[in-house]
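My notes follow in the order I looked things up.

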Amino acid sequence: MKVAPSLLSCNFAKMGEEVQKVDKAGADWIHLDVMDGHFVPNLTIGPAIVSAVRPYTKLPFDVHLMIDYPLDYIDSFADAGADIITFHIESKSDTAQTIEKIKSRGIKPGLVIKPKTPAEAVYEYLDKVYVILVMTVEPGFGGQSFMWDMLPKVTAIKEECAKRGLEVLVEVDGGISEKTAGAAAGAGVDVCVSGTGIFKSKDMPATISAIRKGI
Ligand code: DX5
Ligand code: ZN
């Protein structure tokens with residue numbers, strides 16, 4: 001599996017150094033959580049921060065938009081240096097139009113589903129996206145417990161893609177650590193996001209490597 005440390009749990013005063021640290025420790029992608037205080041109750045980072053940390057690594061920036069109107073902000077995050085932009089199917093922007101807008105900027109699009117949204121909700125978009133992100137906690141905050149009952153959604157999406165000959169990555173986000181990565185791997189996950197699990201770990205390279213192997 002690929003491992004995408006979530007900067008939500010890093011030291012915000014040292015974000016550039018934190019990015020360099022996880023890059024050196026073996027991260028595959030850098031996950032950046034964007035929250036608007038409406039779609040989720042929390043407020044986090046915007047395009048100015050994404051652009052400020054962009055020079056600190058060459059790793060792909062995986063920007064997770066937890067905002068009501070993602071379509072209105074695609075240009076800003078594209079200009080800031082996003083490589084992958086995922087947005088919620090539950091947001092208020094038109095899904096197909098937002099995917100097209102992301103692609104028009106040369107960025108890989110992804111759709112995210114909250115825990116209460118069924119896997120089937122994304123099926124009509126599977127041929128249009130690079131990644132599906134299955135939330136394994138309610139979006140909004142780091143440090144929550146992994147929702148094991150989300151894993152059947154991962155398997156269902158992977159099976160639907162296989163049936164249709166589509167190669168779409170499935171990513172999980174929330175509560176991932178060495179303790180939960182094994183189950184994620186077993187369900188068919190391709191990319192694990194981990195915030196607390198990595199940034200609060202005493203041995204970052206070992207934790208990243210354990211998550212990657214799903215052990
Ligand atoms: C939550 C965010 C996550 C968060 C995960 O809404 O989307 O990316 O950082 O944090 P942990 O790994 O601590 O559950
Ligand atoms: Zn996230």
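**Entry 1: helix α4**

Which residues of helix α4 are buried? I am working from a predicted model, so I keep that in mind throughout. Helix α4 runs over residues 95–104, and its buried residues are Thr95, Thr98, Ile99 and Ile102. I looked down the axis of α4: these buried residues fall within an arc of 100 degrees, so they line one face of the helix.

I then checked what covers the buried residues of α4. The cover includes α3 (74–80), β4 (84–88) and β5 (108–113).

Next I looked at the ends. Asp94 caps the N-terminal end of α4. One of its side-chain oxygens lies 3.4 Å from the backbone nitrogen of Ala96. Just after α4, I found Gly106 with a positive phi of about 75 degrees.

**Entry 2: the nonpolar cores**

I looked up the largest nonpolar core and found 60 residues in it. Leu32, Leu65, Ile85, Val122, Ile132, Val134 and Ile157 have the most contacts inside this core.

What does Leu65 touch, not counting residues up to four places away in sequence? I listed Val34, Pro70, Ile74, Phe77, Ile85, Thr86, Phe87 and His88.

**Entry 3: His64**

I found His64 in strand β3, residues 61–66. Is His64 buried or exposed? Its relative accessibility is 0%, and the cut-off for buried is under 20%. His64 therefore counts as buried.

Then I checked the side chain of His64 for polar partners. It makes a polar contact with the side chain of His31 at 3.4 Å. A polar contact of 3.0 Å joins the side chains of His64 and His88.

**Entry 4: salt bridges**

How many salt bridges does the structure hold? I read off 12. Side chains of opposite charge can pair when their charged atoms come close. I went through some of the pairs.

Lys21 forms a salt bridge with Glu18, with the closest N and O atoms 3.2 Å apart. I placed both residues in helix α1 (residues 15–24), three residues apart, about one turn of the helix. Lys21 counts as partly exposed at 47% relative accessibility, whereas Glu18 counts as buried at 10%.

Glu138 and Lys116 meet through their side chains in a salt bridge of 3.6 Å, N to O. Where do these two sit? Glu138 is in the loop between β6 (131–135) and α5 (151–163), and Lys116 is in the loop between β5 and β6. The pair therefore ties together parts that are 22 residues apart in sequence. Glu138 counts as partly exposed at 30% relative accessibility. Lys116 is exposed, with a relative accessible area of 75%.

I also checked Lys128, which forms a salt bridge with Asp127. The closest N and O atoms of that pair are 3.4 Å apart. Lys128 counts as partly exposed at 29% relative accessibility. Asp127 is partly exposed too, with a relative accessible area of 47%.

Asp75, Asp79, Lys101 and Arg105 are linked in it by salt bridges.

Technical notes. Residues numbered from 1 in each chain as written. Chains lettered and ligands numbered in written order. Predicted model: local features only at pLDDT ≥ 70, side-chain atom pairs only at ≥ 80, totals over all residues. Heavy atoms only, no water. Core = buried A, V, L, I, M, F, W, Y, C linked by side-chain atoms within 4.5 Å. Buried < 20%, exposed > 50% of the residue type's maximum accessible area, 1.4 Å probe, protein only. Contact = heavy atoms within 4.5 Å. Helix = DSSP H or I, 4+ residues; strand = E, 2+ residues; numbered from the N terminus. Arc of directions from axis to C-beta. Polar contact = N/O pair within 3.5 Å; in protein donor to acceptor, adjacent residues only side chain to side chain. Salt bridge = Lys/Arg side-chain N within 4 Å of Asp/Glu carboxyl O.
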